[in-house]
Amino acid sequence: MDTRTFLGAVFGKYDQLAKSKNITYKVRHIPSAEIYADRRELERVFQNLVSNAVKYTEEGGKIVVSFGHNGKFFLVRVKDNGKGIEKKNQPYVFDKFFMEESSRTDSKNSGLGLYVAQQIARRHGGEIKVRSKKGKGSVFTVSIPELPDETTPVQRFEQLPKLLKVILMMMFCFIMPWLLRIM
């Protein structure tokens, strides 16, 4: 599926959730990439990350969802300026039933959300990583493998902007033969 279409619909759903806590919620430009994924499962991962960001960010805080590429992986980052996670607890946040002390009083929390999200990401050939600083917020990064580009060189050339195609054609059709002749 195309990331721009799928993720645009997914992250658009959480705008009202953030507004309910007076949290600034921003989704940056989503680059187009092809990934192979189960829509429901991947949506569950992002629902967990955004709802956690809203839950642990104080009123008036900020959540930013951004995207990128890392080699053959498509990256989705959910960053908040909420409570954060202590450094000593970060290796355990994806463990089954793990909850940091401050969230143990919430009876609705089972400690399975991030565990399940990590399992889904791994089933898709990716993973979830966390960077956090207590009192400063957290960044959860989900990596999902992109489908290999199976277009031919001719198809990729045809997708280039017209000006770039003209420059390349000039270079290979006129300039290079002229230089070779001089040499």
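Author: Let us begin with burial: a residue counts as buried when its relative accessible area is under 20%, as exposed when that area is over 50%, and as partly exposed in between. The model shown here is predicted, and every value below is computed from it.

Reader: What makes Phe-46 count as buried or exposed?

Author: The relative accessibility of Phe-46 is 1%. The cut-off for burial is under 20%, so Phe-46 counts as buried. Phe-11, also at 1%, is buried by the same rule. Buried residues make up 37% of the 183 residues in the protein.

Reader: How do you know which kind of pair the rings of Phe-11 and Phe-46 form?

Author: A search of the whole structure finds five aromatic pairs. The rings of Phe-11 and Phe-46 have their centres 5.2 Å apart, and their planes stand at 50 degrees. Centres must lie within 6.5 Å for rings to pair; planes under 30 degrees apart count as stacked, over 60 as edge-to-face, and the rest as tilted. The pair is therefore tilted. It links distant parts of the chain, since Phe-11 lies in helix H1 (residues 3-12) and Phe-46 in helix H3 (residues 39-55), 35 residues apart.

Reader: Why is the pair of Phe-11 and Phe-67 called edge-to-face?

Author: The ring centres of Phe-11 and Phe-67 are 6.0 Å apart and the planes are at 65 degrees, so the pair is edge-to-face. The angle required for that name is over 60 degrees. Phe-67 belongs to strand E2 (residues 62-70) and Phe-11 to helix H1, so this pair ties together parts that are 56 residues apart in sequence. Phe-67 has 12% relative accessibility and therefore counts as buried. Ring pairs link Phe-11, Phe-46, Phe-67 and Phe-74 into a cluster.

Reader: What makes the contact of Glu-41 and Arg-123 a salt bridge?

Author: A side-chain nitrogen of Lys or Arg must lie within 4 Å of a carboxyl oxygen of Asp or Glu. For Glu-41 and Arg-123 the N to O distance is 2.9 Å, and their side chains meet in a salt bridge. Glu-41 is in helix H3 and Arg-123 in helix H4 (residues 113-123), so the pair ties together parts that are 82 residues apart in sequence. Glu-41, at 24% relative accessibility, counts as partly exposed, whereas Arg-123, at 55%, is exposed. The structure holds six salt bridges.

Reader: Is Lys-165, which meets Glu-158 in another salt bridge, buried or exposed?

Author: Lys-165 is buried, because its relative accessible area is 17% and the limit is under 20%. Glu-158, at 49%, is partly exposed. The N to O distance between Lys-165 and Glu-158 is 3.6 Å.

Reader: How do you know whether the protein as a whole is spread out or compact?

Author: The protein has six helices and five strands. Its radius of gyration is 22 Å, well over the 16 Å that the globule rule gives for 183 residues, so the protein is more spread out than a compact globule. The C-alpha trace spans about 80 × 35 × 30 Å along its principal axes.

Reader: Why is Met-176 called partly exposed?

Author: Its relative accessible area is 33%, which falls between the limits of 20% and 50%, so the term follows. Met-176 lies in helix H6 (residues 162-182).

How values were computed. Residues are numbered from 1 along each chain as its sequence is written. This is a predicted model: local features need pLDDT of at least 70, side-chain atom pairs count only at pLDDT 80 or more; totals for chains, interfaces and linings use all residues. Side-chain values use heavy atoms; hydrogens and water are left out. Helices (H or I, at least four residues) and strands (E, at least two) are DSSP runs, numbered from the N terminus. Buried means under 20% relative accessible area, exposed over 50%, partly exposed in between (1.4 Å probe, protein chains only). The radius of gyration is taken over C-alpha atoms; the globule rule is 2.2 Å times the number of residues to the power 0.38.
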